[in-house]
Structures are given as structure tokens and as C-alpha cells.
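Q: I am new to this structure and would like to learn how to read it. Could we go through it feature by feature?

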Amino acid sequence: MPDIAAVKAALANQRIETPSWGYGNSGTRFKVFAQAGVPRTPHEKLDDAAKVHEFTGIAPKVALHIPWDKVDDYAALSAYAKERGVELGTINSNTFQDDDYKFGSVCHPDPKVRRKALDHLLECVDIMDATGSKDLKIWLADGTNYPGQDDIVARQDRLAESLAAVYERLGDDQRLLLEYKFFEPAFYTTDVPDWGTSYMQCMKLGDKAQVVVDTGHHAPGTNIEFIVALLLREKKLGGFDFNSRFYADDDLMVGAADPFQLFRILHEVAKNGGFDPATNVAFMLDQCHNIEAKIPAVIRSVMNVQEATAKALLVDRAALSTAQAAGDVLTANSVIMDAYNTDVRPLLAEWREEQGLAADPVAAYAASGWQERIVAERVGGEQAGWGA
């Protein structure tokens with residue numbers, strides 16, 4: 001059986017990045033729902049993220065989204081984060097909320113629009129330089145709605161040309177992380193619809209380009225852990241955007257719809273060295289908390305990843321390998337199921353207390369008074385969020 005001390009040591013090394021936009025207002029395609037106490041500035045988002053880290057102990061990084069988190073002085077914003085015990089992480093680009101991007105951004109047939117999109121991506125690298133961020137994450141809404149609307153291959157050529165320009169601008173210790181999504185908002189062709197397309201583009205760019213796996217960006221029935229295992233094998237898994245879904249890209253709390261799938265994914269991560277800091281896999285949440293309180297939902301999401309990780313670390317790999325080599329299907333499956341069915345909550349509560357944390361982070365946050373404070377103080381101004 002796995003050594004519990006080793007499991008606890010691995011849990012102590014785990015880091016989960018939270019998204020700045022997860023603290024702002026969000027909603028469905030029809031309505032954005034406002035909540036009291038929501039941040040009005042990037043600084044207030046960092047205040048909330050710092051509370052998540054305070055109560056979980058494993059969420060020290062905050063991803064920014066540009067221009068949603070645009071400020072005049074990024075070095076000052078980075079210093080502000082550090083004063084609160086967190087740091088700025090991945091810089092996420094936005095080439096999907098401008099009228100010019102109606103027919104695409106870096107894949108657009110008009111070179112002037114492509115130039116505008118490219119300039120934004122290069123601006124994001126400048127922000128990385130100012131904040132010390134190592135990762136630029138690119139998700140593109142580019143695609144077509146109708147047959148014949150544009151040339152499929154030409155769009156891939158334009159994509160490759162733009163990504164190459166961004167890649168050339170990166171520093172030695174910076175990465176380009178290319179996300180994929182199989183549909184929406186484009187309904188006929190999507191320019192980066194799957195891990196294979198992202199992998200192909202990243203392979204052409206070089207070692208500093210890697211694939212991002214968003215757990216909500218797959219067709220029903222897709223074996224996501226298979227994709228994760230292959231990308232780890234090829235050293236091309238740059239990171240995760242964790243969320244959960246029932247139908248499409250719902251952006252529900254990670255583990256909400258299918259906790260067994262999350263466990264299976266993290267089992268492959270554990271088995272294939274993805275938790276090794278040298279592998280440099282970025283574990284990030286990408287969620288919108290539309291009807292639930294935001295900070296407790298982020299805390300719960302961090303805990304959900306932590307629980308699935310603990311179960312993955314409890315898999316008896318020696319027994320699993322023996323059963324696999326013997327062709328003992330039932331025993332091999334039972335090794336996996338035994339780990340998944342283990343109640344790891346007492347183990348994690350014990351681990352948190354050993355780290356000087358509350359055994360129940362959600363309850364500790366509720367008792368802290370922070371929610372009441374921000375509701376009382378954040379009055380006036382414009383709340384952060386995205387339009388729909």
C-alpha cells in the first residue's frame with residue numbers, strides 16, 4: 001500500500017491556480033447575475049484569492065485575464081499580490097470580445113484584424129514580463145458557421161503564422177499554452193477544436209509551446225484521461241483548466257458532474273509524473289460561479305481537486321502493475337476502485353491541521369467574517385464581470 005507520509009508530502013507540494021474571473025459576476029448566455037460583495041477591481045479580486053489561499057494553503061497563484069484585469073502598473077499589481085501572500089500566474093488573452101473578431105482573430109481573412117489580434121497577444125507577453133508570469137494561455141473563438149464561409153487550410157496557416165510570431169517573442173523561461181474547444185461559438189468548423197490540432201501547432205512551434213486540457217471542452221464520452229496520458233508521454237501537457245459539465249462547456253465546479261472522471265484523470269497525472277514540479281504542469285481552475293457564492297465555491301473546487309489527488313496517490317501501483325502483467329482484469333480494476341472508494345476526507349483534515357490550517361476550509365471561511373465585510377465595504381463602483 002502507498003506510504004501515507006509520502007501521500008501527505010505530495011499533497012504539500014500541490015499548487016492550484018485560481019482564476020481572477022471566478023471572483024467576478026458571471027451568468028448564462030442570457031443573463032449575468034450580480035452578487036453583493038463582488039470585486040470591482042483586480043486588486044479586490046486578489047484580496048479574495050488571498051482568502052482562498054489562506055484557508056486551503058495550496059492556491060498561491062492567481063491567473064489574470066486581459067483586458068478584464070488591465071491596470072496601468074502591472075509591477076505594482078504584482079507587488080500588491082505578494083503583500084497578500086499570493087502571486088500573479090498565467091496571463092490569459094482575449095481575442096473574442098471585440099466587434100473586429102466577428103469572423104475570427106488570428107485566423108481572420110483580413111490581415112489588419114490579424115495584426116490587431118497579434119498585437120494583443122504580444123501585449124500579453126509584455127505583461128508577463130512585468131508581472132513575472134511564466135505562461136501565456138491562448139483560447140481562440142475562431143471558426144466558421146457555414147460551409148464555404150472561409151478556407152479551412154488557409155485559416156490553419158494564418159493561425160500558425162500568428163502563433164510563431166508570439167512564440168518568437170517569448171523569453172527563455174516563458175511558455176505558450178494553447179487551449180482547444182470542440183465547438184462554440186463556431187458551429188461548422190472551429191480552428192482549434194481538439195487536442196490533436198493544438199498538439200500539431202505546438203509541435204511546429206517548439207518546446208516552449210504546450211497543450212492545455214480544459215476538462216469541459218470535450219464531446220460526451222471522450223476519454224480525457226487517455227488524452228492526458230498521451231500528452232504527458234510526449235511532454236506536451238502544459239496545464240489544466242479544471243471545471244465540470246453535464247452537456248457542453250458548463251464551467252461548473254470541478255468534480256461536480258463526474259468526480260470519478262476527475263479521479264481517473266489525476267490517476268494518469270500521478271502515474272506519469274505530472275505532479276513532479278519538474279514536469280511543470282499548471283493546475284488551474286476555469287469556472288464561473290453563477291448561482292453559488294463565489295469564494296466558498298472556489299475553496300470547494302480546490303478541495304475537490306485535492307480529494308481526487310489524494311485518492312489518485314492512494315492507488316497501489318505495485319499491485320496494479322502485477323495484475324496488469326498477469327492479465328487479471330478484475331483485480332486491476334479493483335485496485336483502482338479501492339483507491340477511488342476510499343474516504344480521504346479524514347486524511348485531508350489531518351493534513352490541514354498539520355499544516356496549521358483549519359480542518360474544514362469552507363466552515364473556517366464562513367466563520368472568518370470576510371464575506372460580511374466585503375458585502376458591507378464594496379458598495380458603489382462597477383462590479384467585475386463579463387457581459388452576456
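A: Gladly! A residue is called buried under 20% relative accessible area, exposed over 50%, and partly exposed in between. Keep in mind that this is a predicted model.

Q: Is R84 buried, exposed or partly exposed?
A: R84 has a relative accessibility of 33%, so R84 counts as partly exposed. Its partner in a salt bridge is E83, with N and O 3.2 Å apart. E83 is exposed, at 61% relative accessible area.

Q: What is the general idea behind such a pair?
A: Side chains of opposite charge can pair when their charged atoms come close. In this model the count of salt bridges comes to 28.

Q: Which residue forms a salt bridge with R378?
A: The partner is D48, and the closest N and O atoms are 2.9 Å apart. R378 sits in the segment after helix 14 (370–377) and D48 in helix 2 (residues 42–56), so their pairing ties together parts 330 residues apart in sequence. Both ends are buried: R378 has a relative accessible area of 9%, and D48 has 2%.

Q: Where does E225 find its salt-bridge partner?
A: E225 pairs with R264, the closest N and O atoms being 2.6 Å apart. This links distant parts of the chain, since E225 is in helix 7 and R264 in helix 8 (residues 259–271), 39 residues apart. E225 is buried at 10% relative accessible area, whereas R264 is partly exposed at 23%. As for networks, salt bridges with shared partners join R40, E44, D48 and R378 into one.

Q: How many strands does the open sheet have, and in what order?
A: Strands of a sheet pair through backbone hydrogen bonds, either parallel or antiparallel. Here eight strands form an open sheet in the order 1-4-5-6-8-10-11-12, with parallel pairing. Strand 1 (18–19) and strand 12 (282–285) are at the edges with a single partner strand each, so one side of each has no neighbour in the sheet.

Q: What joins strand 8 to strand 10?
A: Three bridges join strand 8 (residues 175–178) to strand 10 (residues 209–214), and the two run parallel. L176 stands opposite A209 of strand 10. Helix 7 (residues 224–233) lies across strand 10 and strand 11 (237–242), at about 165° to strand 10.

Q: Which residues does R300 contact, beyond its neighbours within four places in sequence?
A: R300 is in contact with M253 and V362. R300 belongs to helix 9 (residues 294–313) and is partly exposed at 42% relative accessibility. Its C-alpha atom is 8.1 Å from that of M253, 47 residues apart along the chain.

Note on methods. Residues are numbered from 1 along each chain as its sequence is written. This is a predicted model: local features need pLDDT of at least 70, side-chain atom pairs count only at pLDDT 80 or more; totals for chains, interfaces and linings use all residues. Side-chain values use heavy atoms; hydrogens and water are left out. Helices (H or I, at least four residues) and strands (E, at least two) are DSSP runs, numbered from the N terminus. Buried means under 20% relative accessible area, exposed over 50%, partly exposed in between (1.4 Å probe, protein chains only). Contact means heavy atoms within 4.5 Å. Two strands pair if DSSP finds at least two bridges between them. Axes are lines fitted to C-alpha atoms, for helices over the stretch in contact, and angles run from 0 to 180 degrees between N-to-C directions. A salt bridge is a side-chain nitrogen of Lys or Arg within 4 Å of a carboxyl oxygen of Asp or Glu.
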